[in-house]
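I am opening a notebook page on charged side chains. I want to look up which of them pair, and where.

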Amino acid sequence: MKIKAYLLLGPIGSGKSALINQLNDSESFRSLNALCLQFEMGNTSVQLPHILFSKKQVDHHLESVVHAVAEKLTSTEVDVVYIEWNMNTSLIKLQEILQHPMLSDKVEVHKAIFLSSTQTELNAHITEHILNANYFYSFEDTTSVSKSRLGDFRSTLKTINPDIKLIHHTDVDAFSSMLVQDKKLSGELWIGGLLALVTLLFFTSEWITTFANKHILFFLGVFLQAIPFLAIGVMLSSAIQIFITHEWIESKFPKSVIKGTFIAIIGGFLLPVCDCASIPVFRSLVRKGVPLPAAITFLLASPVINPVVILSTYYAFNGKWSIVFTRVILGILVAVLTSFAYVLYPPKQDLLLKKVSLNASCDCCNLDVSESSKWEKWLMHAMHEFLDVGRYLIFGIAVTTLVSMTLPSLQGGNSVGFLESFNIFGGMALAFLLSLCSSSDAMVAQSFLNKVSMSAIYAFLVFGPMIDLKNILLLKSGFSLKFILRLTFTVMTFVFILLWVLPFVQEAI
Amino acid sequence: MKHKNFDITVLMNSITFFIFSILLFKLYLTGEYTKFIAPKMSVYLIIAGYIFLLWSIYAFKDFLRSMKKSEACSPIPKKRNFRWVFMTIPLVLLLMPTTSLGIEDLSSDYLGRNIANQADSNVTIGLGSQVSPEVEEMTKQKQIEIIGFDRLNKTITVDTNNFYTWMVRLFQSMEDYDGYTITLTGFVFNDDASFKDNEFLLARLVMSCCVSDMTPLGIVCRYDGEPLEKTKWYTVTGKIFIGDYKGGKEPQILIESVVPAEPISEYIYTN
């Protein structure tokens, strides 16, 4: 059994030594024999057995550090180790120490805590430490800090490391029991449960298909239609991530809003994919610094105006170009109007993106970079993005399947009744719940022809590709709820206004 | 002892995508995919299959590389993620012995009767003319001449392969075919809400992209005999006439004879 080590990171004066003292006295650690390895001399002295190492020693005499620690571990009984690490030294050095043959089977870092205050500037140098921390702890009296500053600080932390837990300085005992807990268990329980369920499904397939055949077919039909596009989408979005630099976008992308929007619309025409693909691409574009309004135009317009959708609409409505044309124009108008709303009222930057950092295996230390070529990085990044987004897709399709199949009121004749009464809103709601791929919704829409108003049908055809259950869930993998809600309501408003006005415009023409 | 540091997650990712790509290729090669999606979408399955295979290979390379390296990047144990587990759900579903969707499974009464309405003039097909290239392109049902059309005896015989094109013709230029005797095979669809007792829809199933958009497409028949059982297959013969539907006109059939028929398992695919 390896000794558990708790790593404390943070600038001088952030309170590492103080926290070590408090933890040592706390309920969970009180009875344990502790050893503190200090790699930084702080203001507070630690009240437990410790060894102090100088930076020079770490830089030039690593072996002596290892020996000293190993010797202490063998000569005294140690149950837990605290490591106070110097912010100016890279964690790779610590890795070398702990991975040394003399120590590698004795000690293991269990959790890492990052300490600082809102005064600390979160620059690139600190990022490595924050990325590796499980918890953020602070001794700062937050009542004296302005709310906005606190909010900014916290969201920047979360942007760097979405998984970091922010601990409010209250009960040290509670915190210490959190530390001791084997984190793996709670997460692994869920996963274990899921795997068990899957295995169960596998062995009871015969029986399940007797009553769930229709549902499974439906689920798989939508799934098999969606994943190729999602795969293509993440490949594209990863290409944007890996091969296109921030600087290139900065220099090449038009500054004016009008031109930017125009480029976005052209892009939308060119991307012949389902709405599943446009979302990962949207995410990448925003990350790379494409102005938000232009990116939003792309996000909303491309599912409606791309060649596949245009063709499928044409064939579904049996060659009626006027319907195709109206759909495209409405789609562009809604996209442009929505993006202008974002120009006029830009969102607070921090709230926009929930996760910006790539996943751990991507921005691992520099050791990896030289080994894999850019193409490999592209492929692996795409794969991780697919896995990241894929689970939301699966969940979304599952929900859509249940909704479509178990609520008979959404099928056929009752759909018509629903649309008749709720008209434009009905069209939007139906499109939202059915979450059809934008290449096949035209077929479903044409079955409503002559039974409901054209406004309802257009609402179905324009709103659906832009916002539906599936899209919302896909967006959730990269954006905050606030952003998604605002986008949804803005689109809804414009769709409604445009369709309400449409009959009058059509008469005038 | 050297610290074993290979990344199981990477290996599982590789395996999952490998199995997936194999399944996708198998679905395509055996034609089983028709249970779920239309033929026109099948090429995308291959694209996905290749992408998954690529990912699987490179993930495996990554895994091998992680086995050789003795140090990890950071002292903190790497957060293992289990996202690949979610992909096992559709994997398992794909392995289940599902059977193709039948008419009984459709709880809806989507009526595809409007499919040929409101056509533009350049897609209209009149008497004696060929099926326009657009319509021919639209369906897998190609034909050089109008099969089944007998102008002399004023009869139309619709067979399995030109159900769709005939539906389009009948709906687009119903006046041309008024009074013709037609024979066609389909299943009965007679929801109480939409049809009177002496009416039913004779239809076939049409799929556009995938199973979720499947719609019955057919023609209304007037029949004064014993009400026919829903979802059963029949070959009917009758006279075409112009009937009413919600204020609009559409071709309907006045049934002369009804003969039970063998079910046709193929779906009709558009475009």
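**Salt bridges, looked up one by one**

I began with B:E199, which is buried, with a relative accessible area of 10%. I note that this is a predicted model.

Which residue does B:E199 form a salt bridge with? I found B:R222, with the closest N and O atoms 3.3 Å apart. The pair links distant parts of chain B: B:R222 sits in strand 5 (residues 215–222), B:E199 in strand 4 (residues 199–207), and 23 residues separate them. I then checked B:R222 and read a relative accessible area of 25%.

Salt bridges join B:K26, B:E32 and B:K35 into one network.

Next I turned to chain A. A:K16 forms a salt bridge with A:E40, and their closest N and O atoms are 2.6 Å apart. This pair also connects distant parts of the chain, 24 residues apart. A:K16 is in helix 1 (residues 16–25), while A:E40 is in the loop between strand 2 (34–38) and strand 3 (50–52). Are A:K16 and A:E40 buried or exposed? I found both of them buried.

My last pair was A:K55 and A:D59, a salt bridge with closest N and O atoms 3.5 Å apart. Both lie in helix 2 (residues 55–60) of chain A, four residues apart, about one turn of the helix. A:K55 is partly exposed at 37% relative accessible area. A:D59 is partly exposed too, at 32%.

To finish, I searched the whole structure and got ten salt bridges over all chains.

Note on methods: Residues numbered from 1 in each chain as written. Chains lettered and ligands numbered in written order. Predicted model: local features only at pLDDT ≥ 70, side-chain atom pairs only at ≥ 80, totals over all residues. Heavy atoms only, no water. Salt bridge = Lys/Arg side-chain N within 4 Å of Asp/Glu carboxyl O. Helix = DSSP H or I, 4+ residues; strand = E, 2+ residues; numbered from the N terminus. Buried < 20%, exposed > 50% of the residue type's maximum accessible area, 1.4 Å probe, protein only.
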